[in-house]
Amino acid sequence: MANLNGTTSDLRADFLKVYSVLKSELLNDPAFEWTDGSRQYVERMLDYNVPGGKLNRGLSVIDSYKLLKEGKDLTEEEVFLASALGWCIEWLQAYFLVLDDIMDNSHTRRGQPCWFRLPKVGMIAVNDGIMLRNHIPRILKNHFRTKPYYVDLLDLFNEVEFQTASGQMIDLITTIEGEKDLSKYSLPLHRRIVQYKTAYYSFYIPVACALLMAGENLEKHTDVKDVLIDMGIYFQVQDDYLDCFGEPEKIGKIGTDIEDFKCSWLVVKALEHCNEEQKKTLFEHYGKEDPADVAKIKALYNDINLQGVFDEYESKSYERLTKSIEAHPSKAVQAVLKSFLGKIYKRQK
């Protein structure tokens, strides 16, 4: 495998080679008697759901580990192991997305139909989600069983899965049909949903994996966790913003937060900035499927200049995060956190 000093496309190509190795191990897992049919099905399911995204979470394990090693060349084994942990996070993401799309009744994901929408899949996708989740401990067992941090890795993945599922729960129970009440939406609720549903698995776990591989004790790095969670919340606010104001061609999906009555940062901010008349419009039209209702909400967002409110939030968050990062005693950890922030600041997709 090439060393890690190549270009981004080399990194991605090397990372995808590791995917092929892991996939082939899973398709020959000795704990199950495979048939051609079952093997083909699982391979198709994996190829459709696991490697299709931007791979940011997975690649950032390798980036972070490299920065923690402060420029030392990584051995082939280190590159492989960091990549394998990166793929475990991509598997976790795929597991959540496959099930999430069913719960949200979504149509597209990453610019193609959701997995459960495919003719020969349907509700088998529920079991596919369970399969994806079960692949993670198989990968960890195959490659990390002899490592001193093996139990810490298992703990980390279990913990983050629990946090993410709990975040998904609060998201779902605040959007229950028949109980749609905008007045319960607030910034603290938005923050709680995002922290649990997105920030742990998107921001904390890639760095936590790299820290464990580098022999660090996660309990000594709660400050790093706090900055990453904060960054995850900023990232989700961007996501909420792009859901409404982003270009579908760029973001790979058509936003449906308004129709879905989501506790989005935009609606929470709109509630803060509205006069009584505008508030009535919000209460009346938010969470309705009809494009005319959606258009009314978007027009309202423009009237109260939510784009300006977002721009201000973005620059303030960037300043605050930079300050927290620069307060960290370790230059290597600072570099990891700065690289994360650099990737997401002012993103368009």
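Colleague: Which residue does Arg-133 form a salt bridge with?
Modeller: Glu-161, with the closest N and O atoms 2.7 Å apart. Salt bridge here is a side-chain nitrogen of Lys or Arg within 4 Å of a carboxyl oxygen of Asp or Glu. Arg-133 is in helix H5 and Glu-161 in helix H6 (residues 150–173), so the pair ties together parts 28 residues apart in sequence. Helices are DSSP runs of H or I with at least four residues, strands are runs of E with at least two, and both are numbered from the N terminus.

Colleague: What is this model, and how are things counted?
Modeller: This is a predicted model, in which local features need pLDDT of at least 70 and side-chain atom pairs count only at pLDDT 80 or more, while totals for chains, interfaces and linings use all residues. Residues are numbered from 1 along each chain as its sequence is written, and side-chain values use heavy atoms, with hydrogens and water left out.

Colleague: What is the mean pLDDT of the protein?
Modeller: The mean is 92, and 98% of the residues reach 70 or more. pLDDT is the predictor's confidence in each residue, from 0 to 100.

Colleague: Which elements have the lowest and the highest mean pLDDT?
Modeller: Helix H9 (residues 248–251) has the lowest, 74, and helix H5 (residues 124–144) the highest, 98.

Colleague: And where does pLDDT stay under 50?
Modeller: Over residues 1–5, for which the model has 13 contacts beyond four places in sequence. Contact means heavy atoms within 4.5 Å. Where pLDDT is low, the predicted coordinates should not be read in detail.

Colleague: Back to salt bridges. How many are there in the whole structure?
Modeller: A search finds 16. One of them joins Arg-138 to Asp-29, with the closest N and O atoms 2.8 Å apart. That pair links distant parts of the chain: Arg-138 is in helix H5, Asp-29 is in the loop between helix H1 (8–26) and helix H2 (36–49), and they are 109 residues apart.

Colleague: Asp-29, buried or exposed?
Modeller: Asp-29 counts as buried at 11% relative accessibility, and Arg-138 as partly exposed at 29%. The cut-offs are under 20% relative accessible area for buried, over 50% for exposed and in between for partly exposed (1.4 Å probe, protein chains only).

Colleague: What does Lys-69 form a salt bridge with?
Modeller: Glu-78, with 3.7 Å between the closest N and O atoms. Lys-69 is partly exposed at 24% relative accessibility, whereas Glu-78 is buried at 15%. Elsewhere, a network of salt bridges links Lys-23, Glu-43 and Asp-47.

Colleague: Rings next. How many aromatic pairs does the structure hold?
Modeller: There are 22. Rings of Phe, Tyr and Trp (its six-membered ring) pair if their centres lie within 6.5 Å; planes under 30 degrees apart count as stacked, over 60 as edge-to-face and the rest as tilted. Tyr-19 and Trp-87 have ring centres 5.0 Å apart and planes at 45 degrees, so this pair is tilted. Tyr-19 is in helix H1 and Trp-87 in helix H4 (residues 76–104), 68 residues apart. Both are buried.
Modeller: Another tilted pair is Tyr-185 with Phe-261, at 5.2 Å centre to centre and 40 degrees between the planes.

Colleague: Where do Tyr-185 and Phe-261 lie?
Modeller: Tyr-185 lies in the loop between H6 and helix H7 (187–213) and Phe-261 in the loop between H9 and helix H10 (265–273), so the pair ties together parts 76 residues apart in sequence. Tyr-185 is buried at 5% relative accessibility, as is Phe-261 at 3%.

Colleague: Which residues do ring pairs link into a cluster?
Modeller: Tyr-234, Tyr-241, Phe-245, Trp-265, Phe-310 and Tyr-313.

Colleague: Which residues form a nonpolar patch on the surface?
Modeller: Met-123, Val-126 and Ile-130, with about 260 Å² of accessible area together. Val-126 is in helix H5 and is partly exposed at 36%. Patch residues have over 30% relative accessible area and no salt bridge, with like charges joined within 9 Å and nonpolar side chains (Val, Leu, Ile, Met, Phe, Trp, Tyr) within 5 Å. Accessible areas come from the Shrake-Rupley method with a 1.4 Å probe, and for residues only the protein chains shown count as cover.

Colleague: Last one: what is His-328 in contact with, leaving aside neighbours within four places in sequence?
Modeller: His-221, Asp-223, Val-224, Val-333 and Gln-334. His-328 lies in the loop between helix H13 (306–326) and helix H14 (331–344) and is buried at 10% relative accessibility.
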